[in-house]
Amino acid sequence: MSKNKKNKKYNKNMNPTENNQPQDEEVLKNQEAAEAAIDEETQQEAAEEQDADEKLNKELAEAQKTIEEQHDKYLRLSAEFDNYRKRTMKEKAELIKNGGEKTISAILPILDDLERAVKTSETSDDVKAMREGIELIYNKFLKVLTQEGLQKIETDGQEFNTDYHEAIALVPAPTEAQKGKILDCVQTGYTLNDKVIRHAKVVVAQ
């Protein structure tokens with residue numbers, strides 16, 4: 001072998017660039033492919049984040065709209081309730097103030113009868129006629145009160161009942177059958193629409 005051929009062979013073996021060039025190109029291609037994949041993945045993640053942000057912003061906008069609608073609804077309901085409360089208080093005050101107007105209006109004709117009876121008594125000596133007139137006025141008055149819900153508590157021969165009667169005296173029973181029963185009524189009791197407004201004061205046999 002000649003000296004030139006040996007040098008040429010030696011130079012070929014000593015040049016790593018020429019030997020590693022295909023391998024470097026493959027590594028470079030793999031690196032570029034990896035970078036491209038990373039870029040694609042990054043872009044995909046960015047797109048997903050953008051979609052998530054847009055979705056979140058949309059949900060926030062819808063929630064804000066709902067809050068505003070509910071707040072507006074609350075303000076309207078609050079105003080309506082306040083108006084209702086004021087109206088109810090006004091009606092209640094008027095009812096308390098003028099609640100007896102109907103009853104008083106019904107009693108006024110009886111007041112007129114009493115006024116006429118007083119004037120008649122000044123010039124009349126007929127006691128019987130006066131008594132009859134007073135009885136008529138009394139019955140008329142009682143009828144008006146009954147129409148308003150007033151009822152007399154019965155006591156004659158009734159069993160003593162603490163729900164309706166108040167015993168002011170206890171006396172020995174004349175007979176065994178009268179024990180626990182009412183013998184006399186000292187003051188009449190009344191109920192108004194089934195509610196006791198005054199107990200009957202009675203004498204009870206024991």
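**Notebook: contacts, a charged patch and a loop**

I looked up contacts (heavy atoms within 4.5 Å) in the protein chain: among those between residues at least 6 apart in sequence, 59% join residues at least 24 apart. The model is predicted, so local features need pLDDT of at least 70 and side-chain atom pairs count only at pLDDT 80 or more, while totals for chains, interfaces and linings use all residues. Residues are numbered from 1 along each chain as its sequence is written, and side-chain values use heavy atoms, with hydrogens and water left out.

I noted the secondary structure next: four helices and six strands, where helices are DSSP runs of H or I with at least four residues and strands are runs of E with at least two, numbered from the N terminus. Their order along the sequence is α-α-α-α-β-β-β-β-β-β.

I checked burial (buried is under 20% relative accessible area, exposed over 50%, partly exposed in between; 1.4 Å probe, protein chains only). Of the 206 residues of the protein chain, 10% count as buried.

I then looked up a negative surface patch, whose members include E40, E41 and E45. E41 sits in helix α2, residues 16–98, and is partly exposed at 46%.

Last, I went to the loop between β4 (190–192) and β5 (195–198), where N193 lies. N193 has a positive phi near 55° and is exposed at 58%. D194 is in the loop between β4 and β5 too, with a positive phi of about 70° and a relative accessible area of 76%.

Note on methods. Patches are made of residues with over 30% relative accessible area and no salt bridge: like charges are joined within 9 Å, nonpolar side chains (Val, Leu, Ile, Met, Phe, Trp, Tyr) within 5 Å. Accessible areas come from the Shrake-Rupley method with a 1.4 Å probe; for residues, only the protein chains shown count as cover. A salt bridge is a side-chain nitrogen of Lys or Arg within 4 Å of a carboxyl oxygen of Asp or Glu. Lys and Arg count as positive and Asp and Glu as negative; His and the chain ends are not counted. The place of a charge is taken as NZ of Lys, CZ of Arg, CG of Asp or CD of Glu.
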